[in-house]
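Hi,

Here's the structure I promised to pass on. Have a look at it first, and then read my notes below.

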Amino acid sequence: MSATAHEAAMFLHRIKILTLAGFTIWIDISWLILAALLIWTLALGEFPRTVPNLSAATYWWMGFAGTIGLFISIILHELSHALIARRYDMPIAGITLFIFGGVAELNKEPSSAKAEFLMAIGGPIASMVLGTILLLIAAASEKTVSPAAFGVLDYLGGLNWILALFNLIPAFPLDGGRVLRAGLWGWMNDFGRATRIAAGSGASSSALP
Ligand SMILES: [Zn+2]
């Protein structure tokens with residue numbers, strides 16, 4: 001996901017955790033709620049179903065590892081947006097993880113349809129590549145690694161594909177909404193009209209005339 005700094009102003013309780021490739025990474029307190037829910041769901045539901053007959057302690061460790069994996073996956077997705085944005089002279093204020101995932105904060109709107117298209121599509125493509133690599137590693141190592149390690153790798157591979165496909169839904173503020181607007185913008189050569197049409201298919205239509 002990507003948003004202008006104004007749109008991202010809802011993050012009030014966030015902490016700076018690290019700087020990566022020159023971008024500041026923040027965690028909003030709400031992300032910790034997502035993380036706690038995910039550890040719990042994975043340890044008690046997902047992993048006992050997909051990798052049966054392990055100990056309860058193992059499932060909690062797997063839940064923890066899966067959540068750290070999601071954290072890294074989201075950062076790589078947002079980093080892809082951020083690197084392409086910087087390449088096309090769109091300064092990024094930072095990357096924030098919050099309850100619905102992550103957002104790369106733009107200091108200004110993209111300068112061209114091409115720049116917006118490449119920036120928006122970059123995140124989902126990074127997630128698809130990562131998901132495919134993880135699924136291949138899981139499949140290749142199923143016989144050699146522990147069932148717990150296989151379970152986590154296989155889960156994270158699928159999760160990255162879900163992350164990519166969900167973000168491609170053509171609705172703002174998802175990446176698919178920006179991809180749609182960039183396409184309309186390039187086709188009609190009218191940023192305002194492209195925004196109104198693309199936003200009409202998303203949740204933010206009420207904020208526009
Ligand atoms: Zn994204």
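In which loop does Ala21 lie? Ala21 sits in the loop between β2 (14-20) and β3 (23-28), where strands are DSSP runs of E with at least two residues and helices are runs of H or I with at least four, numbered from the N terminus. Ala21 has a positive phi of about 50°, although it is not a glycine.

Before the rest, some ground rules. This is a predicted model, so local features need pLDDT of at least 70 and side-chain atom pairs count only at pLDDT 80 or more, while totals for chains, interfaces and linings use all residues. Residues are numbered from 1 along each chain as its sequence is written, and side-chain values use heavy atoms, leaving out hydrogens and water.

Another loop to check is the one between α4 (147-167) and α5, which holds Pro173. The peptide bond from Phe172 to Pro173 is cis, with omega near 0°.

Next, the helix pair. The axes (lines fitted to C-alpha atoms over the stretch in contact) of α5 (residues 175-188) and α6 (residues 191-200) come within 8 Å and cross at roughly 140°, an angle taken between N-to-C directions on a scale from 0 to 180 degrees.

Finally, one thing about helix α1: it covers residues 29-50, and Leu37 lies in it.

Cheers
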